[in-house]
Amino acid sequence: RLSNGRSLGYIIVGDLNSDKVVVLCNGNPGSRLEARVHGNSAFAAGVRLICVDRQGVGLSDPLKDEEDNSFKQFASDVGELLDYLCVHRYSVVGYSTGGPAALSLAKFDERVSRVGLLASVAPLSVFGTNDMPMEARFMFFLSKRAPSVLTALISSMVDNHLSRKKAIKEPQHLDRLIKEFTESRVWHGTDKEYIDNIDWTRRRLLIVSTIEAFRQGGKGCTDYGNLITNHWGFLLASIDVPVHLYHGEQDETVPRTMTEYLESRLRYTKTRYIQGQGHLSLICRYMGQALKDVTQDLESNPQAAF
């Protein structure tokens with residue numbers, strides 16, 4: 001429980017005794033449970049991986065009326081958790097729409113050593129969404145222009161389809177959701193091939209994380225979508241720690257131009273454009289590499305290598 005009385009949900013996976021701590025910022029919609037997808041990668045990298053539920057998502061209480069929906073507030077919540085866990089130095093990995101949250105920790109918490117961004121979005125208030133798929137453009141449009149409408153749509157979908165209670169009560173319903181997830185038309189090319197070939201357990205972890213994200217309804221995810229589409233509250237050029245960027249050449253969700261934009265605005269970057277990888281496939285297959293990169297021993301001047 002935070003000092004302001006709100007609850008903050010979190011999970012720790014990987015090597016629980018490791019001094020190498022990484023905070024994971026997952027995409028939207030998603031919850032702390034998404035860290036379990038990457039648990040083996042974290043353990044192999046010797047990393048203690050911490051993932052939190054954003055405000056109004058999963059086990060985390062929504063913001064109070066007097067609190068601002070801002071990345072600075074998110075960083076403050078995470079910082080308080082890390083104080084509680086006695087973490088004095090850590091790195092951050094964010095992917096997809098979790099990228100802005102990862103950068104906000106680097107901006108507002110001086111304990112951050114390095115950042116890894118896999119297929120991260122760029123500031124949409126500057127870059128726009130024209131190069132993104134129609135579904136993503138529609139969701140971001142509603143997040144910015146009509147958040148109450150999007151919340152109502154998500155809540156209806158949750159009540160009728162992604163109900164956590166129904167998934168717990170009827171195991172066969174969860175099986176149907178996993179099948180629909182696999183066959184969803186949002187997957188194309190490399191990502192579709194990846195989804196078709198991963199094991200049932202990983203598919204289940206991904207869908208369970210989404211269900212958990214809507215435990216309290218759709219407002220938490222809508223609020224975060226609104227946060228992404230507006231000014232982030234900081235400039236990319238103000239991030240003064242090294243940032244590793246990864247982008248799949250076959251990514252049909254986040255365009256390469258967004259990674260190029262981040263590369264051009266951030267001060268210290270090392271970028272990898274990876275052939276044969278899409279959006280989800282890059283995130284899952286290269287998580288281990290990202291964790292190793294952001295926890296490598298720092299030089300006296302880590303920027304010198306960038």
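1. How much space lies in the largest pocket? The largest pocket holds about 1,700 Å³. A pocket here is an open set of points on a 1 Å grid over the protein atoms alone, where a 1.4 Å probe fits and protein lies on both sides within 12 Å along at least five of seven lines. The volume is the space filled by probe spheres set on the points, which are joined across faces, edges and corners.

2. The model is predicted: local features need pLDDT of at least 70, side-chain atom pairs count only at pLDDT 80 or more, and totals for chains, interfaces and linings use all residues. Residues are numbered from 1 along each chain as its sequence is written, and side-chain values use heavy atoms, with hydrogens and water left out.

3. The lining of the largest pocket comprises 46 residues (those with an atom within 4 Å of a point). Asn 28, Pro 29, Met 139, Val 186 and Trp 187 lie nearest the centre of this pocket. By class, the lining has 26 nonpolar, 14 polar and six charged residues. Ala, Val, Leu, Ile, Met, Phe, Trp, Tyr, Cys and Pro count as nonpolar, Asp, Glu, Lys and Arg as charged, and the others, Gly among them, as polar.

4. Several helices supply at least two residues each to that lining, including helix 5 (134-145), helix 8 (171-183) and helix 11 (219-229). Helix 5 gives the most, with six residues. Helices (H or I, at least four residues) and strands (E, at least two) are DSSP runs, numbered from the N terminus.

5. The second largest pocket has a volume of about 230 Å³. Its lining has 14 residues, and Gln 55, Gly 56, Leu 63, Gly 220 and Asp 223 lie nearest its centre. Helix 11 gives the most to this lining, with five residues. The classes are five nonpolar, six polar and three charged.

6. Seven strands form an open sheet with mixed pairing and the order 1-3-2-4-5-6-7; two strands pair if DSSP finds at least two bridges between them. Strand 1 (10-14) and strand 7 (269-274) are the edge strands, each pairing on one side only. Strand 2 (residues 21-25) pairs with strand 4 (residues 90-95) in the parallel sense over four bridges, and Val 23 stands opposite Val 92 in strand 4.
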